[in-house]
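The sequence and structure come first.

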Amino acid sequence: MTTNEYNKCVDQYSDGIYRFILHNIRDKEEAQDIVQDTYEKMWINKDNVNPQKVKSYLFTTAYHTMINKIRRNKYKAPMTEVDFNKHYKEESYTGLKEILHEGLKRLPEIQRTVIMLRDYEGYDYREIGEITQLNESQVKVYIFRARQTLKEFIGSMRNVI
């Protein structure tokens, strides 16, 4: 991979990777770090990256980098930040987008990941399986379960509207 090809990849895919990571971890700075780490790993392995599969490589690397950071930060908790409104729930309608994001936050990590890759990024089941190292049927099951959970969370459209 040449420097021009690498720069072209950065221009083409960095926004999509950033959105994907941001939807999963909800931390802008952490998402930027993961995207940067992903491109650093690609630069280090530039001779081994197949130019036809660079998008899949980038999303797979970003996904695994995100998982590693989540595992490392699992037991860290900031002592200075206290959310007094944590248990406060607003009873009025705040918008379908907010309701959907709240539903996504409640999904298990793997379900949120596959639903984001499928519905937000447009990957097919095989590509999602390659990125997450799951087989196609597992991906379909996780997507089905995630959609069912979101459907139950949102409820009927009459309740939302």
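## Nonpolar core

In this predicted model, the largest nonpolar core contains 34 residues. Those with the most contacts inside the core are I17, I21, Y39, M42, V54 and L58. At least two core residues come from each of α1, α2, α3, α5, α6 (125-132) and α7 (136-154). The most is given by α3, which supplies seven residues.

In soluble globular proteins, nonpolar side chains tend to be buried together.

## Surroundings of Y39

Y39 is among the core residues with the most contacts inside the core. Leaving aside neighbours within four places in sequence, Y39 is in contact with Y6, C9, V10, Y13, S14, I17 and L58. Of these partners, I17 and L58 are also listed among the core residues with the most contacts.

## Packing of α1 against α2

Helix α1 spans residues 3-25 and helix α2 spans residues 28-44. Their axes come within 9 Å and cross at roughly 145°. The crossing is right-handed.

On the α1 side, the contact is made by T3, Y6, C9, V10, Y13, S14, I17, Y18, I21, L22 and I25. On the α2 side, the residues are K28, E30, A31, Q32, I34, V35, Y39, E40, M42 and W43. By class, the contact has 15 nonpolar, three polar and three charged residues.

## Helix α1: kink, burial and end

Helix α1 has a kink of about 45°, centred on Y13. Y13 also takes part in the contact with α2 and is one of the buried residues of α1.

Just after α1, R26 takes a positive phi of about 60°.

## Chain as a whole

The protein chain has eight helices and zero strands. From the N terminus on, its elements run α-α-α-α-α-α-α-α. The chain has 161 residues, of which 35% count as buried.

Contacts between residues at least 6 apart in sequence give a view of how the chain is connected: 64% of them join residues at least 24 apart. The contact between Y39 and Y6 is one example of a pairing outside four places in sequence.

Definitions and conventions
Residues numbered from 1 in each chain as written. Predicted model: local features only at pLDDT ≥ 70, side-chain atom pairs only at ≥ 80, totals over all residues. Heavy atoms only, no water. Axes fitted to C-alpha atoms, helices over the stretch in contact; angles between N-to-C directions. Helix = DSSP H or I, 4+ residues; strand = E, 2+ residues; numbered from the N terminus. Left-handed = near helix turned anticlockwise from the far one by under 90°. Contact = heavy atoms within 4.5 Å. Nonpolar A, V, L, I, M, F, W, Y, C, P; charged D, E, K, R; others polar. Bend = angle between axes of the 7 residues up to and from the residue. Buried < 20%, exposed > 50% of the residue type's maximum accessible area, 1.4 Å probe, protein only. Core = buried A, V, L, I, M, F, W, Y, C linked by side-chain atoms within 4.5 Å.
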